[in-house]
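I opened the model and kept short notes on what I looked up. The entries follow in order.

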Amino acid sequence: MEQKDRFGRTEAEFLAQYDENKYRHPSVTVDMAIFTPDAKKLLLIRRKNHPFIGGWALPGGFVDMEEDLESAAKRELFEETGVKGASLKQVMTFGAPYRDPRTRVISVLYTAVLPEINPTAGDDAAEAEVFDLDCTLLGVSDGCERLRIRAVSKTGEIAVESIVGYRTDGFCESVEVLGRGNSENAFASDHAAMIFMAYRAVKALAAD
């Protein structure tokens, strides 16, 4: 016998009356950190549109209603950079309430390594370029590691950096952006924190 809820509705009846617009709900995006195997080079895009227009960021975008997360990641990576064929691995999810000024956005971070990265900017990307990446530990205070995440273009003309704070108790990890660093350019949104976590994941895989 089909189960009914306290209002006497079957599941089909409940779904027929369900209004998805009754409650506010977050959007979901995917972002991709694509490295060379030594994790010393990273693919970035310069944002063409608001928010963070003109800023350097990981390629990424919104998940369509009818696609799974990995399909969305591969689609966005190709649309923004022309890169395809990457074996993506999910790293973690970022969901601070105000990380995106448009609305509440939860982002699923993916990473991959490619022996060669030859990007071509497209879609929401004004530029796509491979940067030299440096992650430097600045110090530790009250169990929080302060790290500078710095990316430099191949010509040396563009430097992007932010400071992140990382904590772990061996079971739970947390990371947040603490400041802009010494560069005129900081990474868009919380992408410096994303880059650090993806960097850690790639280095851990290389060590296995």
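**Aromatic pairs.** I searched the whole structure and found three aromatic pairs. Rings of Phe, Tyr and Trp (its six-membered ring) pair if their centres lie within 6.5 Å; planes under 30 degrees apart are stacked, over 60 edge-to-face, and the rest tilted. One of the pairs is Phe14 with Tyr18, a tilted pair at 5.7 Å centre to centre and 50° between the planes. Phe14 is partly exposed at 32% relative accessible area. Tyr18 is partly exposed too, at 47%. (Buried means under 20% relative accessible area, exposed over 50%, partly exposed in between, with a 1.4 Å probe and protein chains only.)

Next I looked at Trp56 and Phe131, which pair edge-to-face at 4.8 Å centre to centre, with 65° between the planes. This pair links distant parts of the chain: Trp56 is in strand 3 (residues 56–57), Phe131 in strand 7, 75 residues apart. Trp56 and Phe131 are both buried.

**Ground rules.** I noted that this is a predicted model, where local features need pLDDT of at least 70 and side-chain atom pairs count only at pLDDT 80 or more, while totals for chains, interfaces and linings use all residues. Residues are numbered from 1 along each chain as its sequence is written, and side-chain values use heavy atoms, leaving out hydrogens and water.

Helices (H or I, at least four residues) and strands (E, at least two) are DSSP runs, numbered from the N terminus. Two strands pair if DSSP finds at least two bridges between them. Strand 7 (residues 125–141) and strand 8 (residues 144–153) run antiparallel, joined by 10 bridges. Across them, Asp134 stands opposite Arg150. Two residues lie between these strands in the hairpin, and Asp142 has a positive phi near 55°.

Strand 8 also pairs with strand 9 (residues 159–168), antiparallel, over eight bridges. Here Glu145 faces Tyr166. This hairpin has five residues between the strands, and Gly156 has a positive phi near 80°.

**Helix 2.** Which residues of helix 2 are buried? I listed Ala72, Ala73, Glu76, Leu77, Glu80 and Thr81. (The arc is that of the directions from the helix axis to the C-beta atoms.) They pack against strand 1 (27–35), strand 2 (41–47), strand 4 (60–62), strand 6 (105–113) and strand 7; contact means heavy atoms within 4.5 Å. Just after helix 2, Gly82 takes a positive phi of about 75°.
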